[in-house]
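Work through the exercises below with the model open beside you. Try each task before you read its solution.

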Amino acid sequence: LPRVGGYINPNLERLTVLRPDLVIVRGKYEKVAKYCKRKNIPIVHVNMDSLFTIYQGILELGRIFDKVEKAQALCKTIRHQLEEVSKDAAQYGRQKTFVCLGRAPGSLSSIYTAGGPSFVTEILKVAGGDNIFQDVKQPYPEASKESLLRRAPEVILEMRPGEEISRSRREQIIGDWKILRGVPAISNRKIFVLTEDFLLVPGPRVGIAARFLLKTIQTEIQDDP
């Protein structure tokens with residue numbers, strides 16, 4: 001599909017060449033909204049920040065494209081996937097989990113994580129993990145080393161979606177965390193670097209993401225032969 005830039009740097013010239021009948025954006029996206037208003041292009045804002053709004057967004061798109069039944073069926077499929085993951089996760093003990101969404105290269109500074117309002121916290125809960133920052137009201141707060149020591153996660157998940165990481169580089173990334181001596185995730189060697197691109201996308205693959213997180217945090221689970 002044609003690329004039209006990213007959230008920070010949308011390629012409005014490319015968008016002009018494509019002459020869209022409709023523009024769909026996630027959230028506010030002011031730059032594109034102002035452009036569409038100036039060009040008289042219809043725009044739809046789909047706010048997918050939680051499981052509830054993911055379902056709402058899918059149903060809204062179904063109405064827009066006259067595919068209501070398919071949208072309803074997709075929501076039903078996602079709910080079923082999440083229910084199955086939750087059922088399987090109930091067989092294991094819950095894991096206190098820290099999710100790292102980004103940090104300064106080579107150090108444990110400027111660490112960003114998922115708070116209570118994030119869909120990441122929701123699917124992690126379905127997968128049997130309790131986000132150690134789920135009490136924080138911001139969706140994506142900054143976390144300090146001191147707070148990690150205090151909250152003592154049993155599992156650390158470092159999200160690097162879409163990156164190609166060699167084995168030696170992966171070991172370096174995991175090694176950065178070892179300065180947090182005394183944290184259970186360190187002593188139990190439960191630090192995982194996840195590069196799957198669907199894990200941080202709030203959309204139809206949240207059920208697949210929840211299943212992947214379950215298999216990651218519960219390392220005793222094996223894939224079917």
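**Exercise 1: Helices α4 and α9**

Helix α4 passes helix α9 in a left-handed crossing. Keep in mind that this is a predicted model.

Task: Find how α4 and α9 are oriented, and list the residues that meet.

Solution. 
- Step 1. Locate α9 at residues 206-217.
- Step 2. Take the axes. Those of α4 and α9 come within 8 Å and cross at roughly 15 degrees.
- Step 3. Apply the cut-off. Angles under 35 degrees count as roughly parallel. The crossing angle therefore makes α4 roughly parallel to α9.
- Step 4. List the α4 side: Ile78, Gln81, Leu82, Glu84, Val85, Asp88 and Ala89. They meet Val206, Gly207, Ile208, Ala210, Arg211 and Leu214 in α9.

**Exercise 2: Helices α3 and α4**

Task: Determine the orientation of α3 against α4, and the handedness of their crossing.

Solution. 
- Step 1. Locate the pair. Helix α3 covers residues 51-64, and helix α4 covers residues 68-89.
- Step 2. Read the geometry. The axes come within 7 Å and cross at roughly 160 degrees. That makes α3 roughly antiparallel to α4, because angles over 145 degrees count as roughly antiparallel.
- Step 3. The crossing of α3 and α4 is right-handed.
- Step 4. Check the contacts. From α3 come Leu51, Tyr55, Ile58, Leu59, Gly62 and Arg63. Their partners in α4 include Val68, Ala71, Leu74 and Cys75. Ile78 and Leu82 of α4 also take part here, and both meet α9 as well.

**Exercise 3: Helices α5 and α9**

Task: Classify the packing of α5 on α9.

Solution. 
- Step 1. Helix α5 spans residues 119-126.
- Step 2. The two axes lie 8 Å apart, at an angle of about 55 degrees. The helices α5 and α9 are therefore oblique to each other.
- Step 3. α5 passes α9 in a right-handed crossing.
- Step 4. Phe119, Ile123, Leu124 and Val126 in α5 meet Val206, Ala209, Ala210 and Leu213 in α9. Val206 and Ala210 also meet α4.

**Exercise 4: Strands β1 and β2**

Task: Trace the chain from β1 to β2, then sort the side chains of β2 by face.

Solution. 
- Step 1. Strand β1 holds residues 23-26. Four bridges join β1 to β2, and the two run parallel.
- Step 2. Pick one position. Arg26 stands opposite Val46 in β2.
- Step 3. Follow the chain. From β1 the path goes through helix α2, residues 30-39, to β2. This β-α-β crossover is right-handed.
- Step 4. Sort the faces of β2, residues 43-46. Val44 and Val46 point to one face and are buried.

**Exercise 5: Ile191**

Task: Is Ile191 buried or exposed, and which residues does it contact?

Solution. 
- Step 1. Set aside neighbours within four places in sequence. Ile191 is then in contact with Ile156, Ile174, Trp177, Ala185 and Ile186.
- Step 2. Compare sequence and space. Ile191 and Ile173 are 18 residues apart in sequence, yet 9.5 Å apart C-alpha to C-alpha.

**Exercise 6: The whole protein**

Task: How many helices and strands are there, and what share of residues is buried?

Solution. 
- Step 1. The protein has nine helices and eight strands.
- Step 2. Of its 225 residues, 41% count as buried.
- Step 3. The C-alpha atoms fill a box of roughly 60 × 35 × 35 Å along the principal axes.

Key:
Residues are numbered from 1 along each chain as its sequence is written. This is a predicted model: local features need pLDDT of at least 70, side-chain atom pairs count only at pLDDT 80 or more; totals for chains, interfaces and linings use all residues. Side-chain values use heavy atoms; hydrogens and water are left out. Buried means under 20% relative accessible area, exposed over 50%, partly exposed in between (1.4 Å probe, protein chains only). Two strands pair if DSSP finds at least two bridges between them. A crossover is right-handed if, with the strands pointing away from the viewer, the path from the first strand over the helix to the second runs clockwise. Axes are lines fitted to C-alpha atoms, for helices over the stretch in contact, and angles run from 0 to 180 degrees between N-to-C directions. Angles under 35 degrees count as roughly parallel, over 145 as roughly antiparallel, 65 to 115 as roughly perpendicular and the rest as oblique. A crossing is left-handed if the near helix is turned anticlockwise from the far one by less than a right angle, and right-handed if clockwise. Contact means heavy atoms within 4.5 Å.
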